[in-house]
Amino acid sequence: MIPEILTFGDKGFGDELLRGTQFTLLIAASAYIIGICIGLIGASAKLYGGGFSRASAATYTTIVRSVPEVVLILILYFAGTRGINNLLGLAALGPIEVNGTLAAIVVLGVVQGAYHTEVFRAAIQAVPIGQIEAGKAFGMGGLQIFRRITGPAMLPNAIPGLSNLWLVVIKDTALVAVVGNYELLSTTASAAAFTKRYMLFFVTTALIYLTITLVSNYFIGMLENRYRRGQARLV
Amino acid sequence: MNWTWFPEYFPLLMQGLWLTIQLLVLSMVFGMILAVPVGLVQVTGPKWLAAIAKAYCTVMRGTPLLVQLWLLYFGLGSVFAAYPEIRQSMFWPILREGYFYAVLAFSLNTGGYSGEIMRGGFLSVPKGELEAARAYGMSPWKVLHRIWLPRAVRNVLPTLAGETVLMLKSTPLAATVTVLDIFGVILRVRQNTYIIYEPLITAAIIYMALTFLITRAFGHLENQVPSRR
């Protein structure tokens, strides 16, 4: 039996929580995709780059992975907001209110990128060098080798790390609540403060996060089985 | 760059650093006390106990730490506050503090993560060593504290180092429940002086230094263990 306060409509907070969940999933998925893009760039910088790009990639991953996410989120949130407004000022445009959701996506994407960099770097390194040399011997270019050989061959190695990061990014979206937003935890906190039903709301939200994690786990299991076909079974 | 705030807030920062270290050490100690039985019963315990331990790990690892912390601080805190018996009891000065809930939430959380790590650790000890210990006539308790536990902990030391760093990076969340750890002090500086970047960068540097120290300390510990490599 669902208490009235959690129902949909005027009397309950059901629709607010649903919207919060949607925002959380939107932020998590977008940040994850940005993280993958940064990760691929970072990994190739670390593996194939020159001295400068190697050093910058190393600095980026070291800093992001040793500073707490909350601190990074605050730094990037304020720096990003001010940076955009400075750019707009240069273009003789007035300051704008930076969209909180967009800022959260970019910030979490930058944080995720550092972890994705390491996952991809390790996965690419695990591809036997002979396969890449064979590609070169066939006269393939760098991108062609990546698309035909390194990319597909590293995926099975990268999938456990990638699925772990998906679970991490879902939990990290909750940290965005520190700067205030429309995602699930912020919504819950304001609903709880408004109604004084703290226990009820926080338990409900914990259950929603748990459901997202468990459903993700189910699909991750399917994905891992698919990409491990043809590889030796782990014990 | 504006560092005029620094001398004034330096003593407070040091107190914050001390609080952060306290939070980290207490959570890791209580977390490990929880993690050993949680890991152990999943390997040898009766089915129902293993199922409870597994569910505990799943819940702790499947929900954000901030939600767990706020659930305990706001949720449990408001339940406690509703009972005059608790409010007038001698424990109320502790139960009123954000610090208590922070340690509680962090310990429970890292207990779940480290419980999974310890489960892997217990599984990684070769069966022959345990059989040898039993053949010497050691009681199950003796096997555990002489052979199984020390071997398991040594095997997972690198993973535990990673978990400790993750825990350190979670301690700033305590600032959201009024604890004046490093991050809490930094937020206060920001509030009082309207300076944004310099305090945050200071915090980042302090956390990086702490991370470095933790990795070094665990590296030292790992070197204490003789191993064939």
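α9(B) passes α11(B) in a right-handed crossing; a crossing is right-handed if the near helix is turned clockwise from the far one by less than a right angle, and left-handed if anticlockwise. I begin with that pair of helices and then turn to the two chains and their contact.

A word on conventions. This is a predicted model, in which local features need pLDDT of at least 70 and side-chain atom pairs count only at pLDDT 80 or more, while totals for chains, interfaces and linings use all residues. Residues are numbered from 1 along each chain as its sequence is written, and chains are lettered from A, with ligands numbered from 1, in the order in which they are written. Helices (H or I, at least four residues) and strands (E, at least two) are DSSP runs, numbered from the N terminus.

To return to chain B: the axes of α9(B) and α11(B) come within 10 Å and cross at roughly 160°. Axes here are lines fitted to C-alpha atoms, for helices over the stretch in contact, and angles run from 0 to 180 degrees between N-to-C directions. The crossing angle makes α9(B) roughly antiparallel to α11(B). As to the terms, angles under 35 degrees count as roughly parallel, over 145 as roughly antiparallel, 65 to 115 as roughly perpendicular, and the rest as oblique.

Which residues of α9(B) and α11(B) meet? From α9(B) they include B:L157, B:P158, B:A161 and B:V165, and from α11(B) they include B:Y207, B:L210, B:I214 and B:F218. Two residues are in contact if their C-beta atoms, placed from the backbone, lie within 7 Å. The contact of α9(B) with α11(B) divides into 10 nonpolar, three polar and two charged residues. In this classification Ala, Val, Leu, Ile, Met, Phe, Trp, Tyr, Cys and Pro are nonpolar, Asp, Glu, Lys and Arg are charged, and the others, Gly among them, are polar.

Chain B as a whole has 11 helices and zero strands. Its C-alpha trace spans about 70 × 50 × 30 Å along the principal axes. Of its 229 residues, 38% are buried, where buried stands for 20 or more other C-beta atoms within 10 Å of a residue's own, exposed for 12 or fewer, and partly exposed for anything in between, with C-beta atoms placed from the backbone.

Chain A contains eight helices and zero strands. The C-alpha trace of chain A spans about 70 × 55 × 25 Å along its principal axes, and 36% of its 235 residues count as buried. Among contacts in chain A between residues at least 6 apart in sequence, 72% join residues at least 24 apart.

How do two helices of chain A pack? Helix α1 (residues 14-48) of chain A and α6(A) lie with their axes 9 Å apart, at an angle of about 135°. The two helices are therefore oblique to each other. Their crossing is right-handed. In α1(A), A:A28, A:A31, A:Y32 and A:G35 meet A:L165, A:W166, A:V169 and A:I170 of α6(A). By class, that contact has seven nonpolar, one polar and no charged residues.

Next, helix α3 (residues 69-90) of chain A. Its 22 residues reach 31 Å from first C-alpha to last, close to the 32 Å expected at 1.5 Å a residue; the expected span is 1.5 Å times one less than the number of residues. Buried residues of α3(A) include A:V70, A:L72, A:L76 and A:Y77. The cover over the buried residues of α3(A) comes from both chains, including α2 (51-66) and α4 (100-125) of chain A and α10 (182-193) of chain B. Just after α3(A), A:A92 takes a positive phi of about 60°.

Finally, the contact between the chains. In it, 24 residues of chain B touch 27 residues of chain A. On the side of chain B, the elements giving two or more residues are α2 (47-62), α3 (65-81) and α11. The largest share, eight residues, comes from α3(B). By class, this side of chain B has 17 nonpolar, six polar and one charged residues.

Is A:T213 buried or exposed? A:T213 has 21 C-beta neighbours inside 10 Å and so counts as buried. A:T213 sits in helix α8 (residues 198-228) of chain A, and its contacts, leaving aside neighbours within four places in sequence, are A:L167, A:I170 and B:G62. A:T59, found in helix α2 of chain A, counts as exposed because it has 10 C-beta neighbours inside 10 Å.
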